[in-house]
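I opened this notebook to keep track of what I looked up in the structure, one entry per topic.

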Amino acid sequence: MSKHDVVIIGAGPAGSAAAILCAQQGLRVALLEQSTVCRERPGETLPPGIEPLLEQLGIADEVLQGNFIRHAGNWVQWGAARHFSAFGGEPGKPWRGFQIPRRILDNLLLKKTQALGVTVVRPCRARKVIRKNTVVMGLETDNGVFHCSHVIDASGASGWLARRLALPRAVFSPRLLAMYGYARGASAVCDDAPGIIADQDGWCWIAKIGDDSYTWTRLNFDSRQATIIRAPSLFEHLHHVGGVRGADVTWRACQQCAGPGYFIVGDAASVLDPGTSHGVLKAIMSGMMAAHAVVNIRDHPMYHDTIQQQFRHWLNSWFVRDLEKMRELYAAHPASPRWLALNPVAAGQSFRLIQTRLMVFD
């Protein structure tokens with residue numbers, strides 16, 4: 001049995017970011033990760049302007065000196081002629097994003113947690129929530145019992161804590177699967193910048209992530225299509241590595257993403273598909289915000305309800321804004337998905353109003 005100030009489930013960007021900020025504030029932190037290695041994930045793009053966050057997390061130098069591919073925008077083919085969509089900036093000083101393989105980013109963040117004295121336990125699987133009345137006070141795991149003042153759930157799309165606490169999760173799309181893969185070789189198709197290409201079934205994202213390394217992500221609007229998912233035809237000449245993988249990216253959210261003794265961050269709190277283009281940013285920022293909330297509760301315990309409410313409002317509002325943008329994006333798709341019209345969501349509706357209209361799809 002061990003006692004910590006914070007126990008975090010999941011060592012992805014959200015969990016590691018929360019662990020780093022908590023440790024920087026002198027909290028005793030345990031970071032629990034069920035896998036033995038950092039795994040591949042779809043989503044290697046970091047948007048421009050993320051450098052201040054990387055600076056706060058203490059990994060900016062490693063990222064800036066890592067010779068990662070940087071680009072000033074994306075190629076877009078979305079029902080119109082292919083065009084370049086720049087991030088912005090000033091003449092001669094464009095804003096640039098990063099292409100960082102998730103495995104490398106996760107390792108950088110994890111090494112920083114260890115350097116700050118975070119107790120990293122892996123492999124470790126959470127089994128049961130310890131509660132006193134309604135307050136979360138720790139976890140039972142296959143590596144023992146961890147008592148704490150706060151649990152931060154960064155378990156990813158599985159939403160472990162929400163399921164254990166039976167928290168309702170609203171669903172806003174039919175089942176969606178993002179299929180993705182990796183390839184090696186030489187290609188001039190997306191060497192200068194990543195690209196997204198719409199077609200009759202959905203869309204495909206292609207990007208260069210290393211000297212001779214490429215990745216692709218495929219989303220079909222109807223996951224029940226019998227079409228076998230393969231690498232995009234533009235990558236046919238490349239050598240494909242590791243096979244095709246998949247991730248459940250059904251649009252969903254847990255409104256009660258903070259409560260007595262817990263915070264839920266990243267994909268554990270809400271999921272939209274990779275078309276949002278900033279899933280990693282959301283993970284990092286939500287993990288950091290949860291850490292700030294835990295520190296604020298430590299310093300001002302009489303305001304714990306208000307701090308939890310502020311976190312819920314901040315994260316749920318972000319989800320609603322992204323939900324509305326995704327609906328606008330897919331409404332403009334040349335083969336807009338039929339399910340968009342089944343549940344119209346008016347712009348500006350609050351999360352609470354949207355949640356009362358929980359959608360059920362066959």
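Predicted model: local features only at pLDDT ≥ 70, side-chain atom pairs only at ≥ 80, totals over all residues.

Entry 1: Ser-213 sits in strand E18, which covers residues 213-220. Leaving out residues up to four places away in sequence, I listed Ala-183, Arg-184, Ala-207 and Lys-208 as the residues that Ser-213 touches.

I then turned to Cys-204, which belongs to strand E17 (residues 202-208). Cys-204 is buried as well, with a relative accessible area of 8%. With residues up to four places away in sequence set aside, Cys-204 touches Gly-195, Ile-196, Ile-197, Thr-217, Arg-218 and Pro-232. I checked the spacing to Pro-232: this residue is 28 residues from Cys-204 along the chain, and their C-alpha atoms are separated by 7.4 Å.

**Entry 2: the nonpolar cores.** I looked for the largest nonpolar core and found that it has 74 residues. The residues with the most contacts inside this core are Ile-8, Leu-139, Ile-152, Phe-263 and Ile-264. Helix H6 gives the most to this core, with 11 residues. A second core of 24 residues is separate, and Leu-176, Ile-196, Trp-203 and Phe-221 are among its members. I noted as background that nonpolar side chains tend to be buried together in soluble globular proteins.

- From Asp-153 onward, the contacts of Ile-264 include Asp-153, Leu-161, Ala-162 and Leu-167.
- The contacts of Ile-264 also include Cys-254, Gln-256, Cys-257, Ala-269, Phe-311 and Leu-315.

**Entry 3: helix H1.** I checked the length of H1 (residues 13-24) first. At 1.5 Å a residue, its 12 residues should span 16 Å, and the end C-alpha atoms are 16 Å apart, which agrees. How many of the residues of H1 are buried? I found 11 of the 12, so H1 is largely enclosed by the rest of the structure. Among the buried residues of H1 are Pro-13, Gly-15, Ile-20, Leu-21 and Cys-22.

Next I looked up what the buried residues of H1 pack against. My list has strand E1 (2-9), strand E2 (29-32) and strand E13 (144-153), together with helix H2 (51-57), helix H4 (102-115) and helix H6 (279-299). After H1 comes Gly-26, whose phi is positive, near 85°.

**Entry 4: helices H6 and H7.** I compared the directions of H6 and helix H7 (residues 304-331). Their axes come within 9 Å and cross at roughly 170°. Angles over 145 degrees count as roughly antiparallel, so H6 and H7 are roughly antiparallel to each other. On the H6 side, the residues that meet H7 include Leu-281, Met-285, Met-289, Ala-293 and Ile-297. On the H7 side, His-304, Ile-307, Phe-311, Trp-314 and Trp-318 are among those that meet H6.

**Entry 5: strand pairing.** I found an open sheet of three strands in the order E3-E9-E4, with antiparallel pairing. Strand E3 (45-46) and strand E4 (69-71) are the edge strands, each pairing on one side only. E3 is joined by two bridges to strand E9 (residues 97-99), and the bridge partner of Thr-45 in E9 is Gln-99.

I also looked at strand E5 (residues 73-77) and strand E6 (residues 83-86), which pair in the antiparallel sense over four bridges. Gly-73 stands opposite Ala-86 in E6. E5 and E6 form a hairpin with five residues between them, and Gly-79 in the turn has a positive phi of about 85°.

**Entry 6: backbone details in loops.** I looked up Asn-67, which is not a glycine but has a positive phi of about 55°. Asn-67 lies in the loop between helix H3 (60-64) and E4, and is exposed at a relative accessible area of 74%. Asn-133 has a positive phi too, near 60°. Asn-133 is in the loop between E11 and strand E12 (135-141), and its 72% relative accessibility counts as exposed.

Last, I looked up Pro-123. A cis peptide bond joins Arg-122 to Pro-123, with omega about -5°. Pro-123 is in the loop between strand E10 (119-121) and strand E11 (126-132).

Notes:
Residues numbered from 1 in each chain as written. Heavy atoms only, no water. Expected span 1.5 Å × (residues − 1). Buried < 20%, exposed > 50% of the residue type's maximum accessible area, 1.4 Å probe, protein only. Contact = heavy atoms within 4.5 Å. Pairing = 2+ DSSP bridges. Core = buried A, V, L, I, M, F, W, Y, C linked by side-chain atoms within 4.5 Å. Axes fitted to C-alpha atoms, helices over the stretch in contact; angles between N-to-C directions. Parallel < 35°, antiparallel > 145°, perpendicular 65-115°, else oblique.
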